[in-house]
Each structure stands twice: as C-alpha cells, then as structure tokens.
Amino acid sequence: MKKTIVTFIITLVILILPLSAYAKADYVVDNGNLLSEAEETALEEQLNNISEKYSFDVVALTVNSLEGKSAQEYADDYYDNNGYRYDGCLLMISTDRDWSISTKGYGITAITDYGIEVIEGEVIKPYFGEDNWAGGFQKYAGIVDEFLAEAKNNCAYDVDNTYTNENGKTYKKGKNWDLSAKSALISIVVAAVIAAVVVLIVKGNYKPVRFKADAADYLVDGSLHLTSEYDRFLYSNVTKTKIESESSKGGSSTHTSSSGSTHGGGSGKF
C-alpha cells in the first residue's frame with residue numbers, strides 16, 4: 001500500500017512539473033497602476049485571444065521606474081526574463097512618459113521599423129499622449145492583430161506595403177508621414193513672404209545704371225595695364241546619385257539585449 005502511494009505521488013509530480021514549467025505568463029502587467037481592474041481583465045482577454053490565434057505573445061506593460069535602464073533595454077529584458085514565447089512583441093509605457101516596443105522572433109518580421117512608426121502614430125500620440133491608457137492598449141492590440149494577419153500572407157506592412165487606418169489615413173515611409181497638408185501650406189506661405197520681403201529690400205536699394213554700348217566705355221583712360229595673363233578654371237559639372245539608406249528600404253533594424261537575444265523595436269517619449 002505504501003509503495004502504491006509513493007508511486008502515485010511521483011507520477012503526479014511528473015505530470016505537474018511540465019505544466020508549471022510552461023505556465024502562461026501574464027499578457028497585461030500593470031505595475032504602473034494605470035488601468036482599472038475591469039480594464040485589465042478585458043485587455044488580458046483581448047491579448048490572450050490574439051496570442052493564441054497566432055502562437056505569438058502580445059504583451060502590455062506599465063511601470064513606475066525603468067530602474068536605471070533605457071526604455072528599450074527595460075522592454076527587451078522584461079520580455080526575455082518573464083517566460084514569454086520566442087515569437088512576440090511587448091509595448092511598455094512608464095509613468096514618466098517613456099515608451100518602448102520590443103519585438104522578438106517572428107515579431108521582427110511582422111512588425112517592421114515602419115510598423116513601429118505606425119503604432120507610434122496610431123497609439124502613442126493620440127491615446128497615451130491624452131492619458132487614455134486602456135484605449136491605447138486596446139488600439140495596440142488591434143493593430144498588432146492586423147499586422148500579424150498581413151504578415152501571415154507573406155506581405156508584412158512596410159514601406160512597400162503601406163498601412164491605411166479606418167479613417168482612410170495612409171502612412172508613408174519615414175518619419176515625415178505625419179506632415180499634414182496644413183503644415184505644408186503654412187511652410188509655403190512663410191517661404192513666399194520671406195521671398196517677397198527680400199525682393200522689396202533689393203528693389204529699394206537698387207540704383208539704375210545707364211547702359212553703355214561697349215565695355216571700354218566703363219574704363220577710366222589709362223587705368224588698365226596688363227602685366228600678365230593666365231587661365232583660371234571657373235566651374236565644373238558634377239553629377240550626384242542618391243544612395244538609399246537601409247532604413248528607407250524597409251525591414252527591421254535589430255539590436256542585442258543584455259541576455260544576448262536579438263530584438264527589434266523602438267522607443268521615445270510621449
């Protein structure tokens with residue numbers, strides 16, 4: 001009987017250990033206390049559904065302190081050290097208004113540098129910039145879902161496959177995609193005003209000179225004495241070819257975390 005009980009306990013331990021080793025990590029970690037309990041529960045369910053659908057961990061993290069690290073370092077280390085899948089992404093914000101996105105594995109492919117710019121424009125500025133934490137993380141989850149779906153079709157959103165939001169706004173490549181037509185018009189008007197002022201100043205200082213038919217008429221008699229002569233090279237024609245940088249070609253730039261893992265991502269302030 002005693003031997004049977006011991007065998008049962010050993011068998012039970014063997015069965016439980018693998019389950020504990022692969023216990024699912026939290027997809028919502030609100031260490032910064034920016035979400036209500038109801039918001040956290042709803043977001044956890046949303047991120048869990050996306051993560052299970054794609055076998056890809058999507059994490060939302062808030063913190064009070066970066067503990068002396070940069071925002072990017074903190075996000076990378078948190079993802080590496082807390083039991084998440086090899087493939088995934090994490091969006092972190094701090095109460096000091098730092099933000100960072102860390103991508104890993106398939107996340108580097110699905111969420112390119114361009115994709116991170118889209119998240120910055122769609123989530124960081126309009127939601128977190130207005131302290132709408134729950135709304136921002138929900139929007140982040142939705143965009144990641146869209147990006148993963150597109151990437152699964154072998155065509156990740158990038159500079160050659162631009163993203164258009166529900167309002168019809170298409171994100172162009174590079175950091176200038178958020179330049180509005182209004183700001184462009186203002187720039188043109190300011191340039192035109194400056195040009196007009198310069199023209200008026202030059203015109204006001206202009207004194208007409210009576211035209212003379214021959215160049216010799218402008219010389220004072222006896223004032224010109226040629227002692228030597230030489231040729232001087234005045235100008236040349238130079239043809240320049242623009243070399244595109246790697247960042248303008250799309251894809252993801254990567255870096256190595258403190259644990260030696262390769263990550264993509266981006267960071268900033270809001």
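These legends accompany a few views of a predicted model. Local features are described at pLDDT of at least 70 and side-chain atom pairs at pLDDT 80 or more, while totals for chains, interfaces and linings use all residues. Residues are numbered from 1 along each chain as its sequence is written, and side-chain values use heavy atoms, leaving out hydrogens and water.

**View A. The overall fold has seven helices and six strands.** Helices (H or I, at least four residues) and strands (E, at least two) are DSSP runs numbered from the N terminus. Along the sequence, the order is α-β-α-β-α-β-β-α-α-α-α-β-β. Of the 270 residues, 34% are buried (under 20% relative accessible area with a 1.4 Å probe, protein chains only; exposed is over 50%, partly exposed in between).

**View B. The largest nonpolar core holds 53 residues.** Such a core is a set of buried Ala, Val, Leu, Ile, Met, Phe, Trp, Tyr and Cys residues joined through side-chain atoms within 4.5 Å. M92, F128 and F137 touch the most other members. Elements giving two or more residues include strand 3 (88–94) and helix 5 (113–124); the largest share, ten residues, comes from helix 6.

**View C. Here is F137 with its contacts.** Beyond neighbours within four places in sequence, F137 is in contact (heavy atoms within 4.5 Å) with L35, L43, A60, L61, T62, L91, I93 and F128.
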